[in-house]
Each structure stands twice: as structure tokens, then as C-alpha cells.
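This briefing sets out strand pairing, helix packing, aromatic contacts and backbone geometry for the structure shown below. Please read it alongside the sequence and the coordinates.

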Amino acid sequence: MSIQKNIKEINNQLIGTQAKLIAVSKTKPVEMLMEAYKGGCKRFGENYVQELVDKQATMPSDIEWHFIGHLQTNKVRYIAPFVSLIHSVDSFKLLFEIDKQAGKNKRVINCLLQLHIAQEDTKTGMTETELVAILNSEALSNLQNIKVIGLMGMSTFTDDMAVVRQEFKTLKDIFDRVKHIEKDNCKLTEISMGMSGDWKIAIEEGSTMIRVGSAIFGERA
Ligand SMILES: *Cc1c(COP(=O)(O)O)cnc(C)c1O
């Protein structure tokens, strides 16, 4: 298995599409990330705060670090100095905290709002109603250190690609219904959906960011 070859193959298939590759490197050692980096990969996605902080400290500074896992408000401060995009914002409370910590670092942090599109209740994310309430709120307008640039979703863990495709369509439909809502700190252009097993379908359904881990780095333990 060659990490660089895997990245090259995926990137070749992204030519002519609207999608960017986020290499999901959670649980994988820095040596493997460095191999990906040397293969031209500059965007990495991580799920755990401490692991992300440790990797960021040792890897080259031109990497874009994406946080894609469940984020607790009390841990935002550790990633606020450098994180490039937080995909997994599932409440206004979290958005508020990201804004506060971004301000302390004199930064503006880009965020995606995570929607619950899967059948399992285990996958976090908000409903469309909650999303619309946040997007229309006065409270959102007051946040000066975040920018909401799109939506993220995770499909059901299943081999049934018809189910997965339907869930991606649902996310795209929601995106199309809310994208007219624009503010100084909110302009929805990104849809983060698709993982190793379903990224091709995700792109067909409008994904602009695919989050691919095992298809690049191999299965996780
Ligand atoms: C782990 C993870 C991925 C990547 O999963 P693979 O199936 O290994 O590609 C993508 N998105 C999120 C939110 C993840 O937690």
C-alpha cells in the first residue's frame, strides 16, 4: 500500500469536479502524514484535540488542519490558535465558544454546521429547524471571529449505497434551501460529505470537501 499513490489516484479523480480532498489522519503516526505531505497533500482532518495539537506542533506550517470530530466546548481553546476549518459545529453554544477563542487569538475561524442526516441516533448534528434558527438569529450576527462557510454531514454506516445517496441528497437539498441566508459572517459555499466508501457518490450529489481516511492510510486499528 502506498499513501502517495492513493492520494494521487483520488486527486486524479477530483480533476474537473468541485471537490477538495481532506486526508483524514486520525490515529495514524506523523510518519504516515509526512508521506502524504510529500505526495502533495496539504489538508489534514483530525478527530481528537490532543492528537491534533501534537501533530500540528511537529508538522510543516503550511498545512491546513481541519477538525472533523465531536468537539467539546472546553477544548476549543487548544485548537483555536491554528485550526483552519471546524467541520463539526453542532450547536450555537459551540459556535459561541469558537468565536470567543478565535477572538483571543485575533483570528477568524471558518466553521461548517453539522447536520444530522443519518438514520443512527449516534451520529451528532443538528436538524434543519435548528440550523435555520441559528442562521436567522441575531446572536449569530454578533459573532465577529467566526465565519460559517457551509454544512457538513455523515451518512449512515451501511453498504446500501441507495440509502447513502439519499442522505447526501437530503444534505444538498437543505443546503439549497438555506444558502440564500447571507451575513457578514455567513456565506454558505461548502458541503463536506463523503468518506472512503462513498466519496464518489458524495461528489455526484454536490460535495465540495471529501473526508477520506482509510482509503489513503489503510484501515484503522
Ligand atoms: C474517520 C472519519 C472520516 C474518514 O473515514 P474513512 O472511512 O476512514 O474514510 C471522515 N469523517 C469523519 C467525521 C470521521 O470521523
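Which residue in β5 does V89 stand opposite? The residue is L113.

This is a predicted model, in which local features need pLDDT of at least 70 and side-chain atom pairs count only at pLDDT 80 or more, while totals for chains, interfaces and linings use all residues. Residues are numbered from 1 along each chain as its sequence is written, and side-chain values use heavy atoms, with hydrogens and water left out. Helices (H or I, at least four residues) and strands (E, at least two) are DSSP runs, numbered from the N terminus.

**Strand pairing**

- Strands count as paired if DSSP finds at least two bridges between them.
- Strand β2 (residues 43-46) is parallel to strand β3 (residues 64-67), and four bridges link the two.
- Within this pairing, G45 has H66 in β3 as its bridge partner.
- Strand β3 also runs parallel to strand β4 (residues 85-89), to which two bridges join it.
- On the β4 side, H66 faces L85, and F67 stands opposite I86.
- Strand β4 in turn pairs with strand β5 (residues 109-115) in the parallel sense, over three bridges.
- All of β4 is covered: five of its five residues are buried, where buried means under 20% relative accessible area, exposed over 50% and partly exposed in between (1.4 Å probe, protein chains only).

**Crossovers**

- A crossover is right-handed if, with the strands pointing away from the viewer, the path from the first strand over the helix to the second runs clockwise.
- Between the paired strands β2 and β3, the chain passes through helix α3 (residues 49-58) in a right-handed β-α-β crossover.
- Between the paired strands β4 and β5, the chain passes through α5, and this β-α-β crossover is right-handed.

**Helix packing**

- Two packed helices are described by the angle between their axes and the distance between the axes.
- The axes of helix α1 (residues 3-14) and helix α2 (residues 30-38) come within 8 Å and cross at roughly 45 degrees; axes are lines fitted to C-alpha atoms, for helices over the stretch in contact, and angles run from 0 to 180 degrees between N-to-C directions.
- This angle makes α1 oblique to α2, as angles under 35 degrees count as roughly parallel, over 145 as roughly antiparallel, 65 to 115 as roughly perpendicular and the rest as oblique.

**Aromatic pairs**

- Two aromatic pairs are found in a search of the whole structure; rings of Phe, Tyr and Trp (its six-membered ring) pair if their centres lie within 6.5 Å.
- The ring centres of F92 and F96 are 6.2 Å apart and the planes lie at 45 degrees, so the pair is tilted; planes under 30 degrees apart count as stacked, over 60 as edge-to-face and the rest as tilted.
- F92 and F96 are four residues apart in helix α5 (residues 92-104), and therefore about one helical turn separates them.
- F92 is partly exposed at 23% relative accessible area, and F96 is partly exposed at 46%.

**Positive phi values**

- T27, a residue other than glycine, has a positive phi near 70 degrees.
- T27 is placed in the loop between β1 (20-24) and α2 and is partly exposed at 47% relative accessibility.
- K106, also a residue other than glycine, has a positive phi near 50 degrees.
- K106 lies in the loop between α5 and β5 and is exposed, with a relative accessible area of 77%.
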